[in-house]
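Hi,

Here is the structure I promised to pass on.

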Amino acid sequence: MLKKRVIPCLDVRNGRVTKGVKFKNNVDLGDPVEMAVGYSDGGADELVFYDITASAERRPIDIGMVEAVAKAVRIPFAVGGGISCLADMERVILAGAEKISVNSLAVRNPSIISEGAAAFGRQCIVLGMDPVKSGKCPSGYEITTRGFREFTGMDAVEWAKRAADLGAGEIVVNSVDADGTRQGFELNLTRMIAEAVNVPVVASGGAGCPEHLVTVFRDAKADAAIVAGMIHSGEYSIAEIKRVMHEAGVPARMSY
Amino acid sequence: MIAIVDYKAGNLTSVKNAFDAIGADTVVTRDPDAILRAERVVFPGVGAAKSAMENLGSLGLVDVVRRAAESKPFLGICLGMQILFEHTEEDGGVDLLGILPGRVRRFPEGADKVPQIGWNDVVADDPREFVKSGEEYYFVHSYYVEKNPCTVAVSSYAGLEFTAAVRRGDLFATQFHPEKSGKLGLQLLRAFLNTPADGRRQSC
């Protein structure tokens with residue numbers, strides 16, 4: 001049986017992993033490669049790195065970091081931030097990443113999804129989205145871009161369907177409302193999107209304890225879930241999360 | 001020396017990195033002589049079957065891969081496993097190398113999301129097999145090889161059992177990605193490296 005994936009997220013700022021709340025107040029957590037190895041050995045099923053300063057500084061993603069991670073870990077990982085064209089995607093893939101996550105870029109230029117899928121296969125193209133609760137959209141959730149700074153007027157569920165049709169192989173739903181709160185995932189939003197598309201959906205934002213993952217897998221039909229603060233702080237380990245999942249009957253990868 | 005065949009079917013960085021991690025001496029190449037001279041050959045592949053077959057043809061590698069698969073320790077990975085079989089439904093139907101008996105089909109829609117992406121457990125009848133029964137490996141695929149006489153391990157998805165790994169003598173192939181399957185994947189690559197060449201190609 002296919003396992004539900006637990007994916008640590010590492011936000012990289014100037015070559016260091018940081019963690020902020022609602023995209024603000026960042027604290028230094030450590031070296032990206034060391035942390036990647038630690039989580040990989042500890043049972044992470046996959047990793048995701050966001051080069052969160054690349055876009056703002058209008059520079060390409062840190063390829064040296066991608067290469068170093070690819071040499072150090074033997075599990076899949078995705079990279080996002082600082083991707084502005086197909087050539088950027090190709091550099092990231094050749095450096096050894098399995099997946100490229102596009103977010104604001106895809107809102108500005110949706111055809112990058114189909115172009116990326118045609119060039120590298122749809123399994124390589126991940127659509128990241130940052131929806132926020134909003135009365136302006138039919139689903140009740142509106143897509144924001146540039147780290148919650150801009151509202152787009154786009155409906156989150158419609159955008160997920162369109163991105164899957166364009167060739168996105170996976171959709172990461174990062175709730176702006178839940179992000180950094182550690183109060184649990186946005187279940188309603190995650191479930192709506194998981195039911196609307198036929199590609200895997202990754203829940204993101206709000207994980208604070210292992211039970212939150214059990215809930216999002218069992219009740220919101222997520223295929224994978226992103227964890228950050230709850231493990232970066234040392235409060236929980238991946239092994240504890242897996243154990244709780246396993247005991248709750250959620251399929252988890254237990255041998256690593 | 002181990003040749004990793006580069007036929008423009010996906011990125012080979014991860015495969016090379018994984019062999020580097022276990023200290024194996026590899027070269028990524030599309031040179032027919034280098035492939036035929038190598039002691040062992042790794043045949044990866046990600047992407048579409050049709051363009052992969054066309055690339056093998058235009059690079060003059062169809063017979064080279066066939067000879068390598070029939071004469072030396074050989075490891076096919078993902079699309080590199082599927083291409084060893086006879087025919088695939090992908091791209092409206094494509095004839096493959098036909099080194100192994102069997103067909104490649106698309107996962108049915110409806111039961112589960114397609115592609116399958118993630119860690120799935122495999123079941124092998126023989127506990128000594130190069131794939132460890134009951135353990136999890138990393139899969140990314142929309143098409144699968146039907147069970148066939150060379151199947152040594154199966155996995156389940158979309159309501160059916162499919163071929164997770166095949167073996168015929170020192171010819172190995174996996175649907176999953178050992179290079180991305182953590183320590184178990186490295187164990188498998190080591191087992192491949194340590195398998196003596198048997199030079200025989202009997203039927204499964």
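How many residues does the contact take from chain B, and how many from chain A? The contact takes 29 residues from chain B and 26 residues from chain A, with residues in contact if their C-beta atoms, placed from the backbone, lie within 7 Å.

Before the rest, a word on conventions. This is a predicted model, where local features need pLDDT of at least 70, side-chain atom pairs count only at pLDDT 80 or more, and totals for chains, interfaces and linings use all residues. Residues are numbered from 1 along each chain as its sequence is written, while chains are lettered from A and ligands numbered from 1 in the order in which they are written.

On the side of chain B that touches chain A, strand 8 gives the largest share, 6 residues (helices, H or I, at least four residues, and strands, E, at least two, are DSSP runs numbered from the N terminus).

Chain B also has an open sheet of 8 strands with mixed pairing, in the order 2-1-3-4-14-13-12-9; strands pair if DSSP finds at least two bridges between them. Strand 2 (26-29) and strand 9 (123-124) of chain B stand at the edges with a single partner strand each, so one side of each lacks a neighbour in the sheet. B:Ala165 has B:Thr174 in strand 14 as its bridge partner.

In chain A, helix 6 meets helix 7 through residues including A:Ala156 and A:Val157 on the helix 6 side and A:Leu189 and A:Met192 on the helix 7 side.

Best wishes

How values were computed. Contact = placed C-beta atoms within 7 Å.
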